[in-house]
Amino acid sequence: MLSKRRLLFFMFASLILHPTSIFSLDSNQVTLVRGEATILKADRKKAEKIYKGLQVNEGDSVLTKSKSIVKIKLMDNSTLTIGPNSKMEIKRVKQKEGTVIGLLKGMLRSKVESSNNSRKAKYKVKTRSVSLGVRGTDFIAVYNPQNNVSTNLTVEGKVQVAENRKVEGKGKLTSFGELVSTTSEIKEDTPLVRIAPDQLAHLRLGSGAQKKEKLEQEYKNVLKEYEDKKISGDQVPSGGYLDFNTGLYIFPESDKIVYDESIGSYRPQKLGEMLDDEGNFKPSPGYTVDPNYGYIKLSEIDDLDEP
């Protein structure tokens, strides 16, 4: 029988020789299901109900319904959170070639673990109009097939945003709080903006944002980060909100925001007033966010012609 000292030695040696063997998963696993969602397995023709603990393979696609969320832990230790009314496909999850996720509609949040054993590790999310290349970061991707808009919001780290018509690897490099939207129908680069500081604070905290004191403290942290690293010369002012449902960057009514020169951005008059429990933009009473017309009064929609 091995002594305790020798046993610890062999355990330590195995960590050095095989550093990913303990910390990596051997499959992609569903870790949370809230609401209604289905999965279409690559080798089947009929979708089935998704459940916690289910193994998800390459070629499988997940579809969520209204007010539903699914979380998946990938073999590379990255985490996918699939938002309501969304559809995504796992195209590839391999240690050497990297991970590729297809977002067919809706919202996807990815928390990507940095690779400790390969500098060439890659993680990409692709929509019809954009390719997002990331490594060691936290970001949200939204694709709306109604207006063909793809939007990336970087919560932490950095994301390389390349429009699909461009050469691979080219495009904008986004950092914390920065958002960029694009569509295959627009040939010019879209401007880079920074979202409202309270929305970024809420997204960083997640469910903890429901506690007012935590949100207030994280809000102060974000303001300090914005002040330390301003973004300059934008065609579109910073301080608006990302609407998860449409992928649009929304500016609320002027009486609800104020420009703060110290951070180079607008900020809310009242903290969290324009956010729901998930950190999504919450329209004021009598307003809605339309995928084609943007932030608009409900009374005005009927008077507009179809685009």
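**Exercise 1. Is Asn 77 buried or exposed, and what is its relative accessible area?** Work this out on the predicted model shown above, then describe the backbone at Asn 77 and at Asn 148.

*Solution.* 
- Step 1: Start with the location. Asn 77 lies in the loop between E6 and E7.
- Step 2: Apply the cut-off. Buried means under 20% relative accessible area, and Asn 77 has 17%, so Asn 77 is buried.
- Step 3: Turn to the backbone. The phi of Asn 77 is positive, about 75 degrees, although Asn 77 is not a glycine.
- Step 4: Repeat for Asn 148, which sits in the loop between E12 and E13. Its phi is positive too, near 60 degrees. With a relative accessibility of 3%, Asn 148 counts as buried.

**Exercise 2. Describe the chain as a whole, using its elements, burial and contacts.**

*Solution.* 
- Step 1: Count the elements. The chain holds 4 helices and 23 strands.
- Step 2: Check burial. Of the 307 residues, 45% are buried.
- Step 3: Look at the contacts with a separation of 6 or more. Residues 24 or more positions apart account for 51% of these.

**Exercise 3. Characterise the largest pocket and its lining.**

*Solution.* 
- Step 1: Take the volume, which is about 1000 Å³.
- Step 2: Find the centre. The lining has 42 residues, and the closest to the centre are Ile 69, Pro 84, Met 107, Phe 244 and Glu 278.
- Step 3: Ask which elements contribute. Those that give two or more residues include strand E1 (28-34), strand E6 (69-73), strand E12 (138-144) and helix H2 (197-205). The largest share, 5 residues, comes from E9.

**Exercise 4. Show how helix H2 is covered, and by what.**

*Solution.* 
- Step 1: Count. In H2, 8 of the 9 residues are buried, so by the under 20% cut-off the helix is mostly covered.
- Step 2: Name some of them. Among the buried residues are Pro 197, Asp 198, His 202 and Arg 204.
- Step 3: Identify the cover. It includes strands E9, E12 and E13 (149-156), helix H3 (212-228), and strands E18 and E21.
- Step 4: Step past the end of the helix. Gly 206 follows H2, and its phi is positive, near 65 degrees.

**Exercise 5. Classify two aromatic pairs and find a ring cluster.**

*Solution.* 
- Step 1: Begin with the total, which is 8 aromatic pairs.
- Step 2: Take Tyr 241 and Phe 281. Their centres lie 5.7 Å apart with 35 degrees between the planes, and the pair is tilted. Tyr 241 belongs to strand E18 and Phe 281 to the loop between E21 and E22, 40 residues apart. Both residues are buried.
- Step 3: Compare Tyr 249 and Phe 251. Here the centres are 6.0 Å apart and the planes stand at 70 degrees, so this pair is edge-to-face. Phe 251 is partly exposed, at 26% relative accessible area.
- Step 4: Follow the ring pairs. They link Tyr 241, Phe 281, Tyr 287 and Tyr 295 into a cluster.

Key:
Residues numbered from 1 in each chain as written. Predicted model: local features only at pLDDT ≥ 70, side-chain atom pairs only at ≥ 80, totals over all residues. Heavy atoms only, no water. 1 Å grid on protein atoms, 1.4 Å probe; cavity = no way out; pocket = protein on both sides within 12 Å on 5 of 7 lines; lining within 4 Å. Points joined across faces, edges and corners; volume = space filled by probe spheres on them. Nonpolar A, V, L, I, M, F, W, Y, C, P; charged D, E, K, R; others polar. Phe/Tyr/Trp six-rings, centres within 6.5 Å; stacked < 30°, edge-to-face > 60°. Buried < 20%, exposed > 50% of the residue type's maximum accessible area, 1.4 Å probe, protein only. Contact = heavy atoms within 4.5 Å.
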